[in-house]
Amino acid sequence: MSLIHLEKVTRRYQMGGETIHALREVSFTIARGEYVAIMGPSGSGKSTLMNIIGCLDTATSGTYVLNDVNVSEMDDNQLAEVRNKEIGFVFQTFNLLPRANAFHNVELPLIYAGISAEERRRVTVEALTSVGLADRMTHKPNEMSGGQRQRVAVARALVNHPSILLADEPTGNLDTKTGEEIMGVFEELSRQGNTIILVTHEEDIARHARRIVRIRDGLIASDEARR
Amino acid sequence: MTAPATQPRVVRRYPGSLLLAEIKESFFMAMGALAAHKLRSALTLLGVLVGVFSIIVVMTAMRVLQRNIENDLSRLGSQTFQIRKWPAVYFGGPEGFEKFWRRKNITLAQGRAVMDKATLALNVGLESNFWSGEVSSRYDKSPPNVGLIGATPGGFPARNWIIGEGRGLNDTDVDSAKDVCILGYRLATLLFPLGSALGERVKIDGINYTVIGVLEEKGAALGGDQDNFAVIPLTTGLNRYGAIWRSLSILVQARDQAAYDDTVEQVRGILRAIRKVQPGAEDDFEVFSNDSLIEQFKNFTFTVRIGVAVISSIALVAAGIGIMNIMLVSVTERTREIGIRRAIGAKKRNIMTQFIMEAIVLCEVGGAIGVALGIAGGNLTAYFFEVPPVIPLDWVMIGLLICSVVGIVFGTYPAFKAANLDPIDSLRYE
Ligand SMILES: Nc1ncnc2c1ncn2[C@@H]1O[C@H](COP(=O)(O)OP(=O)(O)OP(=O)(O)O)[C@@H](O)[C@H]1O
Ligand SMILES: [Mg+2]
C-alpha cells in the first residue's frame, strides 16, 4: 500500500517573463517503510520535490496523495497540520531556533500539536535520548557541534512520530565522519520501520538507501532499487 | 486519480494547553528579544512607560489629595458647615483671588451676631488658627509643628472634639480670655508621659497656659496629626496675636439632616444682613460643607483628568508606532525562525498570536515600570501631606489594560506580515 503517491506533479516558477519548470509531470509512488535517496545535479528540482512531498509547497498541477488523503486540495491550515503530524524535516543548515535550547527546539512541534506539558516533556526527553543527546538538553545550538545540531534536528523531526522523514542534504554541512554518524542514525530509524526520503549529491551517502531516484531537469531519469 | 479522503488520525488535543504553551513561549521569546536588543527595546519601552506613568502618577496624586480632603472633612462633626472669607480649595486664576482678597474680614462681632441669631443651629462655634510651633512642658517638648487653635465652646461639638479628661472651654474662659488650654490626645501624652496633664502648665509661644482638658484620641487610621494641636479660648488668642487683620471661621452644626438646608439659608441671611451685602449680589463669604468641598474637588480633578488623558494618549500613540517599528524589524530579523516554525507545523494564526503576544509583553514591561514609578511619584504627595500612601488599583488595572490594547493595535500589522510570509522563502532567508 502506498504512503506517497505523486501523479503528474508539475511545479512552475514565473520569473519575470520566463517560466521555469522545476518539475515536469513527475509521477511515482513510495510505500511505507521505504528508504529512498533522491539524486541529481544542482537545479534539477530535488528540493522542489521535497517541499511538495513535505507540504511546504503545492504543485502547480497534478495530484499528491499522502496516506490516502489528497493533499493537493488542502488549505493552508490543513497543510500546517499535515506538516506537524505526518512530516519530519531535516535540513542541510539544521534550521534550529538559535535562542532556544535543544529541549525547546525539539518540544516545539509538540506545542503546535496541542499536547499537554507533561506529555511534551516525556516525549521530548525520549526523542533526545534516542539520538544520544540526553546530556545536552539545555545547550543552545551555538553551544553544540554540527553533528549534535543535526541530531537535535533529527530528534525534532521524529518527536511527533511522523509518517515520513524528509532530509534535504542532511550531511551537506558536516564532515565525512560526522556525516556517516548521522547516516547511522537514519539507518537505525529505517530499521525501526520509518519511511525516509533523502536528498543528496554524494553517491556514498545515497548507498545507505535501498532505492535511488535520479532527477534531471525536473524529470525522473531513473528509479532503481539497490541489490 | 484521487484517493478517497479518509478520516484524519485521531490525536488527543488540548486546545487550552496550546494557548498556554503559546503564551509561555511568546513570553520567553519576547523577553529574549528584549534582552538581545537592550538599547533598542529600552527606547521603545520609554514611550509606553511615559504614557502609563503620566496616568498613574496623576491618578495616584488625585487620590491622595482626595484622601487628604476627606480627612480634613471628617474633622467636622455631622451636619456641620463652615463659613470663611477664603474658599477651602481654589483652582481658578488670579482674578478670582483678588475678589476674595477684597472681601471684608469675618470679625468676632459678626461671629457673635450669628451665634445670637441662628435659632435653627444646634451649635455655633468661632475659630481661628493663631500659630504653630513647639510646645513644651516641664517634662518634654514637642516637634515644632503643633497648631494653636482659638475656639469657642460651640466649636467643640461642631469639630467633633470630645473631651476625654477634664473639661472643655466654657463661656467664662472666653469672656475673660483666660490662659487655659485643652490638648490633643497625642500632644498630651507626649508632653506628660507619666501622668495626667490636668492642672499642669504648658508653654506655647513663650506664654504659660494651664491645661484644663485633654481630648479623646481621634481615629489614627486617617493620618497622623489629627491630635497634634492645642485649643485656647478665642479671645485669648485674639488679644495676644491681634484681631485687626484676622478673619475668623464660623462653624455651624444643624440640628439634624432635615434642618440642614434651612440652617444654611438662615446663617447666610444673617451674615448678608450684617455684612451689608446688596440684595441680588453674590455672597461675600464662602459656605462649605463636606458635600460642596467634594463637589469642588471633583470639578477640579475632571479638568486634570482630561489633561492627563490627552498627554498620555499622545505618548501612547507615539509609543505604539515605536512598538510597531521594532516589531517590523523583529519580523525581518526572524524571517528564518518564522519559516522553521511554519515547517514544523505552526499555522498562520500561531505565528500571528506569537507576534501579537510579543508586542503585548513589550508594552506590559514598559507599562509595569510606568505603573511602579507612577505609584511612587504620586505618593510623594502623600508624603507631603502626611497621609498614608495609596495604590489606585483600578487605575493600575486600566493602565495595564491600555498597554495590552496598544500592544494589540500596533502589533497586529507586523504579526500579520509575519504570518503571511511564504514558508519556503523564509526558510531560505539569510
Ligand atoms: N522560488 C523560486 N523562484 C524561481 N525559481 C525557483 C525557485 N525555487 C527554485 N527555483 C528554480 O527551480 C529549479 C529547481 O530548484 P531546486 O531548488 O529544486 O533545485 P535542487 O535540485 O534542489 O538544486 P540544489 O542541488 O542546488 O539544491 C531551479 O532552476 C531553480 O532556479
Ligand atoms: Mg536543493
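Q: Which domains does the assignment give for chain B?
A: Chain B of this predicted model is divided into domain 1 (19–69 + 297–428) and domain 2 (104–284). These bounds come from an automatic or database domain assignment.

Q: How far apart do the C-alpha centres of domain 1 and domain 2 of chain B lie?
A: The two C-alpha centres are separated by 53 Å.

Q: What conventions apply to the numbering and the values?
A: Residues are numbered from 1 along each chain as its sequence is written, while chains are lettered from A and ligands numbered from 1 in the order in which they are written. Local features need pLDDT of at least 70, side-chain atom pairs count only at pLDDT 80 or more, and totals for chains, interfaces and linings use all residues, with side-chain values taken from heavy atoms and hydrogens and water left out.

Q: What is the mean pLDDT of chain B?
A: The mean is 85, and 90% of the residues of chain B reach 70 or more. The pLDDT is the predictor's confidence in each residue, from 0 to 100.

Q: Where in chain B is confidence lowest, and where is it highest?
A: Helix 3 (residues 94–102) of chain B has the lowest confidence, with a mean of 75, and helix 11 (residues 335–343) of chain B the highest, at 95. Helices here are DSSP runs of H or I with at least four residues, strands are runs of E with at least two, and both are numbered from the N terminus. Separately, residues 1–11 of chain B have pLDDT below 50, and this stretch has 15 contacts in the model beyond near neighbours in sequence. Residues 220–224 of chain B are also below 50, with 10 such contacts. A contact means heavy atoms within 4.5 Å.

Q: And what ipTM and pTM does the predictor give the complex?
A: The ipTM is 0.95 and the pTM is 0.73.

Q: Turning to ligand 1, how many residues surround it, and which are the closest?
A: The shell has 15 residues, and the closest are A:Ser42, A:Gly43, A:Lys46, A:Ser47 and A:Thr48. A residue is counted if one of its heavy atoms lies within 4 Å of the ligand.

Q: Why is the site described as shared between chains?
A: The site is shared because residues from both chains A and B surround ligand 1.

Q: Which elements of chain A supply at least two residues of that shell?
A: They are strand 1 (2–15), strand 2 (18–31) and helix 1 (46–53) of chain A. Helix 1 of chain A gives the largest share, 3 residues.

Q: How do the shell residues divide into nonpolar, polar and charged?
A: There are 5 nonpolar, 7 polar and 3 charged residues around ligand 1. In this scheme Ala, Val, Leu, Ile, Met, Phe, Trp, Tyr, Cys and Pro count as nonpolar, Asp, Glu, Lys and Arg as charged, and the others, Gly among them, as polar.

Q: What lies 2.4 Å from an oxygen atom of ligand 1?
A: That is a polar side-chain atom of A:Ser42. For A:Thr48, a side-chain N or O atom is 2.5 Å from a ligand 1 oxygen atom, and for A:Ser47 the corresponding distance is 2.7 Å. A polar contact with the ligand is a pair of N or O atoms within 3.5 Å.

Q: What is known of B:Gly47?
A: B:Gly47 is in helix 2 (residues 38–73) of chain B. Beyond residues up to four places away in sequence, B:Gly47 touches B:Ala315 and B:Ala319. B:Ile321 is 274 residues from B:Gly47 in sequence, with 9.5 Å between their C-alpha atoms.

Q: Where is A:Asn67 found?
A: A:Asn67 is in the loop between strand 4 (61–66) and strand 5 (69–70) of chain A. Its phi is near 55°, a positive value in a residue other than glycine.

Methods. A polar contact is a pair of N or O atoms within 3.5 Å; within protein, one must be able to donate a hydrogen and the other to accept it, and residues adjacent in sequence count only if both atoms are side-chain atoms.
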